[in-house]
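Open the model in your viewer and keep the selection panel at hand. This tour says what to select at each stop.

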Amino acid sequence: MTPVLPRIAEPGGKLVEVVTGPEGPEMHLSHRDAGGPHLRAPLRGLLTASAGRPWRVEPAEPGTVHLRGDTVVVTARAGGLSASLKLAFTPGGLLTLTTTWRNDTDGEIADVAAGILLPLPVQDAHVTMPGVLYNDNPSSDPDRQVPHLGYVCEEHRLPIPAVNAAWDDRYVSLFAHPEAARDGQGRVSYGSLGVLPGPVVTAMSGVIAFNGAPDVCYVSKAQVEERPLGYRDLAPGETIVTRHTLDWGPVEPRGLGFTRLVHTRLYQDEGARPLPIDEIVRLKTIAMDARWDGDGYLAYEGVRHGRPRSYLYGWTGQCMKLARCDAMLGRFERAGRAADFYVEGSATPVRGLRHARYLVDEGRWEMFRRNGAHGGDFVSSRAHGETIADLAALALQFREAGLDVPPQWQEAVEDAAALFWHTRLPEGVVPIGWTPHGTAVSPMVSAAGVACVQAMLGAYRLSGERMWLMRAEEVLAAYHRLHAATYERPFAHATLDASGEDKEAGMYFFLAAWELYQLTGQEHHAQWAETAADWLLTFVYVWSPDFDKGSTFERRGFKACGWPSVSVQNHHLDVFFPTSELSEFGRTTGRAWYAEQADRILHAMGQGICTEPGDWGFQTPGEQGEGFFQTNWQRTGEANTWNPSWVIALPLYHALRMRKDS
């Protein structure tokens, strides 16, 4: 029998034991109902500290292990630094780790990097770092710089400041309790979290690494630069103190480990509520009215950004979503004109295939271009699918108001739905897009076209033909099988200017699953929606970092809590989220917590809305920037003034729906 040294337990069954292992003492994280330890961590190497640049993993030598009441205390030493690690259970059954590093020498120790290391027992563990790393980002373009194994990042880059690792039927989650440190110039720094090669889950005192390269920072989309962060200079007797929380238990399949992050509720920040819903509606309506141009809504504010005046459908334009907002406001004539213009003018020679952009001053329609201006024309399944889904929803709004629906609207919906069905890839899903001839632009399997399922459901709602419902169920089941049954290859490729795992691909899966549940009442669709909602919520900030003195966010008291980040390639905040549908899902199914999250999200997004000329850099009330930079990605602590029309459409649409339901 292995000799047991100190041991602590909590009523729920978790155990922490320090035992004698073959190469010295080990810490075991166990559960009384499990057949063995969830995790074994040798005390030699549980802590690490280095001095000098670049930082490196240098295992600390263990000292003593003893029990002080209900707390296990482990000591260690690394050069001139001594360490004390205290482990104790909270009343809720989580394990708190408090680490204190102290300079025991008579001189300063410069460039200290210290932390905790948790080696995982398998090489292929499924690791989640919220917003930035999902199972090593398997769908990301290999030719682009994106986070992979070996990524250690600032705590403020993570919406939930935690790392989850899952393997076999078990998981371990390591949570940080971020505390801002300010230097003499008012600059803020935080600790860091990540996963080193091995793999080894790590929590460091602030140093970073990009895919194994120390001191390299991910600073913009697919761009990195050397930027040493987080080093500490310790005077004699000075300390570094950090606090973390560990959780562990069963999970099956392992890809659902992220759900444990979402539902471990450690953070109490409630987020900002700068504007009531009525004021959000009023301001965003002003901005929408300023974009109306007779036949549609201008995608950009004039030619301010050097773009031609255009109407843009789906993705960053959301012309049809704006028409739905007009209809919700009772302005059916303008909504109808916008839909008529699209249906009458956007068709291509291929039945069901439509252009996505109208150039106002040139009087012509065009498609998107793949890979920028030098690529070929194509129709995005994401943009086309969501536009047709919105057209179907607009037709239903007309019906509900007792107004006639032009037959060509329903014909356009059914033609597009037929195209989506008949051009499926062999795997059963819609391609990422189509050539002008109506063929798949790529054989790549992705979740980009999930919005096309909603378009099929729109065809069902309009026509009553059960064939469309059955087809939608079959296609969504294919997406579930490929992406959501295990989350080994999560949702990706909906964001057209990136190429990897992204919130928006998961968003349309959630919407389709939720709508199918409403139509069929089948519980598995509600479960699919709930798990997808949890995945989406890994992108939503549950805390609010502090910002450098003098930054816009510091001056204005900006709070990140409640804001969604974008993708593993775009590490900023934006308003693209299924906020009102999440609220509806929570209220309708008795899952009230999701409705509470939606309320927090909607109100957080009231920050950054221009309330008067000159506010946030805009002249038109209701305008809002597309990007808010909460971390070291582009301009930390600032917002941009890039304002495509979707930044009007999404908050207005959700505010209108949630105001109606309140």
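The model is predicted, so local features need pLDDT of at least 70 and side-chain atom pairs count only at pLDDT 80 or more, while totals for chains, interfaces and linings use all residues. Residues are numbered from 1 along each chain as its sequence is written, and side-chain values use heavy atoms, with hydrogens and water left out.

**Stop 1: H493**

Select H493. It sits in the loop between α8 (466-484) and α9 (503-520). Helices here are DSSP runs of H or I with at least four residues; strands are E runs of at least two; both are numbered from the N terminus.

Is H493 buried or exposed? H493 is buried, because its relative accessibility is 8%. Buried means under 20% relative accessible area (1.4 Å probe, protein chains only).

Now show the neighbours of H493 beyond four places in sequence: S139, I432, M444, S446, A448, S499, G500 and D502. Contact here means heavy atoms within 4.5 Å.

**Stop 2**

Strands β6 (61-68) and β7 (71-78) run antiparallel, joined by six bridges. Pairing takes at least two DSSP bridges. P62 is bridged to A76 in β7. Two residues separate the strands of this hairpin, and G69 in the turn has a positive phi of about 65 degrees.

Extend to β8 (81-89). Seven bridges tie it antiparallel to β7. A76 has A83 as its bridge partner in β8. Finish on G79: in the β7-β8 hairpin, its phi is positive, near 60 degrees.

How values were computed: Buried means under 20% relative accessible area, exposed over 50%, partly exposed in between (1.4 Å probe, protein chains only).
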